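Hi,

Here is the structure I promised to pass on to you. Have a look at it first, and then read my notes below.

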Amino acid sequence: MATSTLFRPAARAGAAAFRSAGPRGLAGVASARFITKVTLPDLPYDYGALEPTISGKIMELHHSKHHQTYVNSYNDAVEKLASAQGKADIQTQVSLQALTSFHGGGHVNHSLFWENLAPKNSGGGEPPSGALAKAIDESFGGLEPFQKTFNTALAGIQGSGWGWLVKDKQTGKIQIKTYAVCRGLSLFLVLDADVPFLLEPRRCLRSIHPSSRH
């Protein structure tokens, strides 16, 4: 059984992705007077550690090229945004908001995604337990029906996108959602629809231990 959570809670993970951004999160970063650039996070495992579920070449390409492009593009956009702020160029600031949101969101989402995955010797593939397992049983009728429902949701995404297992803050219920970016929900699981899993995704997903979340 995994000894760590599936990923750090959203607030902490966001802080890791934008370490100097402050409590306002991504929107705050995009509008702050002094804007912090981001860096590509190191993976907590080797590129080939998730084989045969995900090939090492796919992991290397997706991390070192695809995620790096989000980082580079975000940094370029916020540099231009900082320049526009210094010149009080409102029109340029407004035009750059979509870029900072898109590329910044891609960076944060991928940073969460990498932490969702783990090799078998680090807990990958272990079924969820405790409160999460109970919630999955209540909402989906068990782990296998949940997997099928999640895979169907991912397969239905046109182009790039994300599949999320979330907890609705108002109802307390867990749900499967597909979004381009994160909404106002507590995250349990993040899957990038662009990464091909050669076997069942759960073979390299960490288990969640709700009691260890903080």
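Predicted model: local features only at pLDDT ≥ 70, side-chain atom pairs only at ≥ 80, totals over all residues.

Val108 is buried, with a relative accessible area of 15% (buried means under 20%, exposed over 50%, partly exposed in between, with a 1.4 Å probe and protein chains only). Val108 sits in helix H4; helices (H or I, at least four residues) and strands (E, at least two) are DSSP runs, numbered from the N terminus.

Residues are numbered from 1 along each chain as its sequence is written, and side-chain values use heavy atoms, with hydrogens and water left out.

Now the cores. The largest nonpolar core has 14 residues, and those with the most contacts inside it are Tyr45, Leu50, Met59, Trp114, Leu117 and Trp164. By nonpolar core I mean a set of buried Ala, Val, Leu, Ile, Met, Phe, Trp, Tyr and Cys residues joined through side-chain atoms within 4.5 Å. Helix H4 (90-116) and strand E1 (162-167) each supply at least two residues of this core, and H4 gives the largest share, four residues. At least three residues of this core come from each of domain 1 (45-124) and domain 2 (126-196), with bounds taken from an automatic or database domain assignment. A second, separate core has eleven residues, among them Leu132, Ala135, Leu154 and Ile176.

How do H5 and H6 cross? The axes of H5 (residues 130-140) and H6 (residues 143-155) come within 8 Å and cross at roughly 70 degrees; the axes are lines fitted to C-alpha atoms over the stretch in contact, with angles from 0 to 180 degrees between N-to-C directions. The two helices are therefore roughly perpendicular to each other (65 to 115 degrees). Ile136, Asp137 and Phe140 of H5 make the contact with Leu143, Pro145, Phe146 and Thr149 of H6, where contact means heavy atoms within 4.5 Å.

Two backbone details to finish. Most residues other than glycine have a negative phi, and most peptide bonds are trans. The peptide bond from Glu51 to Pro52, however, is cis, with omega near 5 degrees, and Pro52 is found in the loop between H2 (25-31) and H3 (56-86). Ala88, in the loop between H3 and H4, has a positive phi of about 55 degrees although it is not a glycine. Ala88 counts as exposed, at 57% relative accessibility.

Best wishes

Note on methods. Parallel < 35°, antiparallel > 145°, perpendicular 65-115°, else oblique.
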